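Q: Could we go through this structure together, setting each value against the definition behind its name?

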Amino acid sequence: GVGSGVGSQWQLPMVPVLLPGADGLCRFPQARLQSQELGKHLQAVDELLQLHALVEADIAAQAERVRAVSSAAQRFARPTEGYKPCDPELVRERVARLEQRYRQLTELAAQRRARLEESRRFWKFFWDVGEEEAWMREQERLLSSEDVGRDLTSSLRLLSQHAAFRHELSGRAGPLQQALAEGRALVGQGHAGAQRVGDRLRELEERWRALGELAEERERRLRDAAALFQFQAEAADVEGWLEDALRLAGSPELGHDEFSTRSLARQHREVQEEVRGHRPAIAALREQLGALPEGSADVAGVAGRLPALERRYRELWERTERRRTELQDALTLYTMRSEADACGLWVAEKEQWLQALLVPEKLEDLEVVQQR
């Protein structure tokens, strides 16, 4: 009777100290691990994942305590003769239940992490497509601009900026396709939010396609504007050259002697060569005007600009031909005068010599003079 009383005193304190205390460790995080809260946006999910990482670390830290409890309980679970502070079967049951509860806890933690990771995938998809959509909205605003430049320089600068945008657009295609592939995977795996993901996929794909079309339209308008400004700039250059050439071709200066007229004729031949060399430039302007898009020719000063240039060019050519003839006539006149003057000098010299000629008195001298 005394031994039994001692045994009962040992049974009551030993079991609660060893097993229920450790078993209680498993009950505390279980409610948190079974929570259905998975976050309502990416930041919330990340915060939940951080908290879960702390719980996992706590669970992992309890593994050693669970093993220690199980190891300490083994000596009470072995059947022995004599005094038994606790029924071995009861100890084995409690140890088995403790280990089972700990395994369940780790499984719950793994399941909770899987659900949180899946939620993070879901919200990460919406975060990524939201960033892409915000970028596309900004680009749509820029691409819808009516500004195509005020002159050739500004238009070419805008074209260069657009080329940089097309490069950025190409670079964005890779991350966007990855986000879309992730969305398709969520839909294919039957995610709870598959309907929302599918809707966002369709919206983003349509927006991306529309952005590409908008970029093409913007590039076309910029190229058309650059072609128009290029035509206007080259036409202005030709007009300036025509003014200078017409001034040179319309000069009344024909020289005052053979030397000066020859110099002017040589300069005029160079002017005519330059005029002849500009003929392909006029033809190129005709091609550029034909290549301009419809409506561009209606811009003030474009439709009638080339015909006016062609008229001025014909006028210039006719004027250079007329001046060439005038210079040739003047040169012929001065050449004739020069030759006449030379002939007159020769006649005067011969007259002077003949007048001063004396008939010699000797026969041999007469023959010399006669020969001369």
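Q: What share of the contacts in the protein chain between residues at least 6 apart in sequence join residues at least 24 apart?
A: Contact means heavy atoms within 4.5 Å, and among those contacts between residues at least 6 apart in sequence, 84% join residues at least 24 apart. This is a predicted model, in which local features need pLDDT of at least 70 and side-chain atom pairs count only at pLDDT 80 or more, while totals for chains, interfaces and linings use all residues. Residues are numbered from 1 along each chain as its sequence is written, and side-chain values use heavy atoms, with hydrogens and water left out.

Q: How many helices and strands are there in the protein chain?
A: Helices (H or I, at least four residues) and strands (E, at least two) are DSSP runs, numbered from the N terminus; by that rule the protein chain has eleven helices and zero strands.

Q: Why is Trp353 called partly exposed?
A: Buried means under 20% relative accessible area, exposed means over 50%, and partly exposed lies in between, with a 1.4 Å probe and protein chains only. Trp353 has a relative accessible area of 39%, and is therefore called partly exposed. Trp353 has its place in helix α10, residues 305-355.

Q: What makes up the nonpolar surface patch of about 290 Å²?
A: Trp353, Leu354 and Leu357 make this patch. Patches are made of residues with over 30% relative accessible area and no salt bridge, where like charges are joined within 9 Å and nonpolar side chains (Val, Leu, Ile, Met, Phe, Trp, Tyr) within 5 Å. A salt bridge is a side-chain nitrogen of Lys or Arg within 4 Å of a carboxyl oxygen of Asp or Glu, and accessible areas come from the Shrake-Rupley method with a 1.4 Å probe, only the protein chains shown counting as cover for residues.

Q: Which residues touch the most other members of the largest nonpolar core?
A: A nonpolar core is a set of buried Ala, Val, Leu, Ile, Met, Phe, Trp, Tyr and Cys residues joined through side-chain atoms within 4.5 Å. Of the 25 residues in the largest one, Phe125, Trp135, Val197, Trp208 and Leu211 touch the most other members. The largest share of this core, nine residues, comes from α5.

Q: How do you know that the span of α8 is close to the expected one?
A: The expected span is 1.5 Å times one less than the number of residues. Helix α8 (residues 258-277) has 20 residues and reaches 29 Å from its first C-alpha to its last, close to the expected 28 Å. Its buried residues, including Leu264 and His268, pack against α7, α9 and α10.
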